[in-house]
Structures are given as structure tokens and as C-alpha cells.
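Here's a quick tour of some packing details, with the cut-offs spelled out as we go. Have the viewer open and follow along.

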Amino acid sequence: MTVDRARSVVFGETVEQYEAARADYPAQLITDVLAYAPPGPALEVGAGTGKATAGFAARGVELTCVEPDPRMAAALTAKCPDARVEIGLFEDYVPDRAFALLYCAQAWHWVDRERRWDLAHAALAPSGAVAVFWNRYAVTDPGLRAALAAVDDRYGLTGSTLHHNSPVSAGASAHQLADDPRFTDLDERHYTRTGWYEADRYLNLVRSISSYAILAPGTRDALLREVAGLLGDGVDMTFTTDLALARRAR
């Protein structure tokens, strides 16, 4: 499948909403990834505003972050000033060292599917680890979730959206490596938690997701008005973070 480059960098148009509305990643996930990986420098692919970066930086990891959008990269640098930030596509990045860990949060599906595991393998030191993870968002109340999905349907959004919960899973990435002898010790882990989103934050979450961000402004505004009419003061959310781990075998 060809990567939609225009859609993959649309997040730079919603930096403030992305930073304010997107969920962080579980501290236990950071702990588990660092326990799985050998010590050494880490490479982050598609770092965005640093939602995952901050967790690794707080553990003292030496970080190099590749981010294609300069607007996202500016927010990343402000949040994690000690990280080395390379602006550009991962497909064009030439590592200047072998990394003990390569990780990617919420962005692996934007990397060229024909090349991404080759590039990961090339960037890793022997026995280096790769960690790919996603947050999945779900409105906890099934009735409200169905009503929000119906709004998406009315605006022609019938694929993977915030309310049609069918994102690419981290587990699918691990399964792609099952027959690849270059990687071993495949593992999958899942972390679930709940939380409350006030209505304004939830609307910013909608704005930060590419399937909504690429809509024509008038269409997007009309959709957001319908969503706001269903939310009341806010919404209970269930978050599931899927983690796929693998280790370079040779």
C-alpha cells in the first residue's frame, strides 16, 4: 500500500490540538521497552510533538528523533531540548551510529511498507530492539460511540476514524516479522486505562486525527458541530495501547 504523504504530514496544521488532546503513553510501557532493549542510544521514528519522546527522555535515554514536519519538530524541540531532532522522512534518514533501540509511536503506518523493516534492521545494532506502539481511543458508552459513528457516516468517513475503531494494530506489525529471520524474540503487550475528556479536549482530539483534518474546512466544522451536540460536558474514554517488540537477530 502506498503511503499518503499529504495526509501523513497534515498533523503540522493541528500542532496545538495534537499536543493538547492526544493521550500520553503508559509509564509501564516505557519501563517495559527499556527493560527489553539493551542499553544505548535510541532512534524515534515520526516523533511528532514528543508525546512518546518525553517519557524516554525522562529516563535519561540518548535520543535521536526523526520527524518530517518542521512545525511538529519545533514543538518537539521545545518539549525535549536534549533530544537530537532530524527533520525529514525516515526513508531518507541515514543513521550515523548503530542504535540499541528503534521505536515508533502512532506513526509506523506512515512509513513505506516495502522498506520500513529493512530500514529498521539497518539502523539497529546487533541484538538491538524495535518497539512499535499505538494508542487506541474508544468512547466507553456504546450508545454514544454508535451515535458518533453515525455522524462520521453522514460525512462519508466510513474507514478508520475515531469512532470507527479499526486502526492498524501494533500486533499486525509483529506478525509481519514472524517469517523474517533477521528478527527474533517477538512479543506483544497491551495496556488499558480509562479517563475523562472534557468536550473541548475531545473536539481537539477529533481535529488532530488525519481523516478529519483533511476534510474541507466547512465540512469539518459542520461535523464538529454535530459531534459537540452529542457530547454534553464531556465523555468517558477507554484507552488501549498496543505494543509490538522484536529484536535484531543478526
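A charge counts as sitting over a ring if NZ of Lys or CZ of Arg is within 6 Å of the ring centre and within 35 degrees of the ring normal. By that test, arginine 201 lies over the face of tyrosine 197, at 4.0 Å from the ring centre. Arginine 247 does likewise with tyrosine 36, at 4.1 Å from the ring centre.

Some housekeeping: this is a predicted model, where local features need pLDDT of at least 70, side-chain atom pairs count only at pLDDT 80 or more, and totals for chains, interfaces and linings use all residues. Residues are numbered from 1 along each chain as its sequence is written, and side-chain values use heavy atoms, with hydrogens and water left out.

Now the rings. Rings of Phe, Tyr and Trp (its six-membered ring) pair if their centres lie within 6.5 Å; planes under 30 degrees apart count as stacked, over 60 as edge-to-face and the rest as tilted. The structure holds eight aromatic pairs, and here are two of them.

| Pair | Centre to centre | Angle between planes | Type |
|---|---|---|---|
| Phenylalanine 56 and tyrosine 103 | 4.1 Å | 25° | stacked |
| Tyrosine 103 and phenylalanine 133 | 6.2 Å | 15° | stacked |

Phenylalanine 56 sits in helix α4 (residues 53–57) and tyrosine 103 in strand β4 (residues 99–105), so their pair ties together parts that are 47 residues apart in sequence. Helices (H or I, at least four residues) and strands (E, at least two) are DSSP runs, numbered from the N terminus. Phenylalanine 133 belongs to strand β5, so its pair with tyrosine 103 in β4 links parts 30 residues apart in sequence.

Tyrosine 103 has 0% relative accessibility, and phenylalanine 133 is buried with a relative accessible area of 0%. Ring pairs also bring in Tyr25, giving a cluster of Tyr25, Phe56, Tyr103 and Phe133.

Back in helix α4, there is also alanine 54, which counts as partly exposed at 30% relative accessibility.

On to the strands, which pair if DSSP finds at least two bridges between them. Strand β5 (residues 124–139) runs antiparallel to β7, with eleven bridges joining them; valine 132 stands opposite alanine 244 in β7. Strand β6 (residues 183–198) and β7 pair in the antiparallel sense too, over 14 bridges, and glycine 195 has methionine 237 of β7 as its bridge partner. Strand β7 (residues 234–248) is mostly covered, with 13 of its 15 residues buried.

Finally, the holes. On a 1 Å grid over the protein atoms alone, a cavity is a set of points where a 1.4 Å probe fits but cannot get out, and lining residues have an atom within 4 Å of a point. A search of the whole structure turns up three cavities of 30 Å³ or more. The largest cavity holds about 60 Å³ of space, and its lining includes Tyr18, Tyr25, Glu44 and Lys51. The second largest cavity has about 40 Å³; Tyr18, Arg22, Tyr25 and Lys51 are among its lining residues.

Note on methods
1 Å grid on protein atoms, 1.4 Å probe; cavity = no way out; pocket = protein on both sides within 12 Å on 5 of 7 lines; lining within 4 Å. Points joined across faces, edges and corners; volume = space filled by probe spheres on them. Buried < 20%, exposed > 50% of the residue type's maximum accessible area, 1.4 Å probe, protein only.
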